[in-house]
2 protein chains.
Amino acid sequence: MTKNSKMILDIVNSSHDHPTADQIFIRAKEQNSKVVLATVYNNLNSLVKEGKIRRIAVSGKPDCYDNTFRHDHTVCVKCGALSDIMIDDITEEIKSKLGDSFVSYDLNVSYICDECREK
Amino acid sequence: MTKNSKMILDIVNSSHDHPTADQIFIRAKEQNSKVVLATVYNNLNSLVKEGKIRRIAVSGKPDCYDNTFRHDHTVCVKCGALSDIMIDDITEEIKSKLGDSFVSYDLNVSYICDECREK
DNA sequence: ATCATAAGTTAGAATTATTCTAATTTCAAA
DNA sequence: TTTGAAATTAGAATAATTCTAACTTATGAT
């Protein structure tokens, strides 16, 4: 692990708001890092490949990054806000259908968040 | 429903390979439609909003579109191939946590497909 | 220690999916 | 028919991400 990849991993793990590559880049600079955006992308790609962080794809917005602590996500269909939710683990159910080729799963729940509901 | 939106809905519903906007555009032209890519995008956005089709976000590739028949998806972590899978419906479990604000959920399973496994 | 090599980083250009803008067309209803 | 809203169009604009090629840093063998 290089200085940069360690820093980027730390930022992802200590952020509780699913930052994008750009937000991670900004946070790195706030810590006086001289890192460049391309390097942030490079390292995020490596970290995802190594299974040290998760990438969350949300249509219409840039990819977000998250820690690997097992949990699921909610996305507000009105404002796009992304939050955590914990739904019972269904790994075994999936494995019983897919077998050993299983790697992981992503569960994203669409809903209407409280603020948007009030309008 | 206009001619174009009906045609695009038909293409999505009759395609069994999760086409992208661009692929839908190509298929429309194969049917001698004079539709333009921007119109395909416009209509896809409307159809998704109306709940008539589903949009699938996969990081690193363009969005894919699919019918609304209830099912889940697998993504090969090596080659990115997208396929259908049917995992037991967990709507009730999610609703018991989220309540009425629930809209829908997307379950994407990462795995290694047979071809990539052989290598 | 020194050199060789690989890995990591950088700047900036390139790519590409998608949206935006503004003009034009379609088409239903008054 | 006139009107007005909605749909469509062409093409420019935007923005996330990757690519390229040069450069730097770290590593490991001699």
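Predicted model: local features only at pLDDT ≥ 70, side-chain atom pairs only at ≥ 80, totals over all residues.

Modeller: Chain A has five helices and five strands, where helices are DSSP runs of H or I with at least four residues, strands are E runs of at least two, and both are numbered from the N terminus. Read from the N terminus, the order of elements in chain A is α-α-α-β-β-β-β-α-β-α.

Residues are numbered from 1 along each chain as its sequence is written, chains are lettered from A and ligands numbered from 1 in the order in which they are written, and side-chain values use heavy atoms, with hydrogens and water left out.

Now to the contacts, beginning with the two protein chains. Contact, meaning heavy atoms within 4.5 Å, links 30 residues of chain B with 30 residues of chain A. Together the two chains bury about 2400 Å², and 62% of that is on carbon and sulfur atoms; buried area is the accessible area (1.4 Å probe) that two parts lose on being put together, summed over both.

Between chain B and chain A there are two salt bridges, each being a side-chain nitrogen of Lys or Arg within 4 Å of a carboxyl oxygen of Asp or Glu. In one salt bridge, Lys97(A) meets Asp88(B), with 3.8 Å from N to O.

On the side of chain B that touches chain A, the elements giving two or more residues are helix 4 (91-98) and strand 5 (102-111) of chain B. Strand 5 of chain B gives the most, with 10 residues. Sorted by class, this side of chain B has 16 nonpolar, six polar and eight charged residues. Here Ala, Val, Leu, Ile, Met, Phe, Trp, Tyr, Cys and Pro count as nonpolar, Asp, Glu, Lys and Arg as charged, and the others, Gly among them, as polar.

Strand 5 (residues 102-111) of chain A pairs with strand 5 of chain B in the antiparallel sense over nine bridges, and two strands pair if DSSP finds at least two bridges between them. If you follow Tyr105(A) across, its bridge partner in strand 5 of chain B is Val109(B). As a general point, side chains in a regular strand alternate between the two faces of the sheet.

Next come the DNA strands. Around DNA strand C there are 13 residues, the closest being Asn4(A), Val36(A), Thr39(A), Tyr41(B) and Asp63(B); a residue is near a strand if one of its heavy atoms lies within 4 Å of it. Of the atoms of DNA strand C that come within 4 Å of the protein, 85% belong to sugar and phosphate. Tyr41(B) places a polar side-chain atom 2.7 Å from a phosphate oxygen of DNA strand C. For Asn43(A), a polar side-chain atom is 3.1 Å from a phosphate oxygen of DNA strand C, and for Thr2(A) the distance is 3.2 Å. Helix 3 (37-49) of chain A and helix 3 (37-49) of chain B are the elements that give two or more residues to this surface. The surface near DNA strand C holds five nonpolar, six polar and two charged residues.

On DNA strand D, 13 residues lie around it, and the closest are Tyr41(A), Asp63(A), Asn4(B), Val36(B) and Thr39(B). Here an N or O atom in the side chain of Asn4(B) is 2.8 Å from a phosphate oxygen of DNA strand D. Val36(B) uses a backbone N or O atom, at 3.2 Å from a phosphate oxygen. Helix 3 of chain B supplies the largest share of the surface near DNA strand D, four residues.

Definitions and conventions
Polar contact = N/O pair within 3.5 Å; in protein donor to acceptor, adjacent residues only side chain to side chain.
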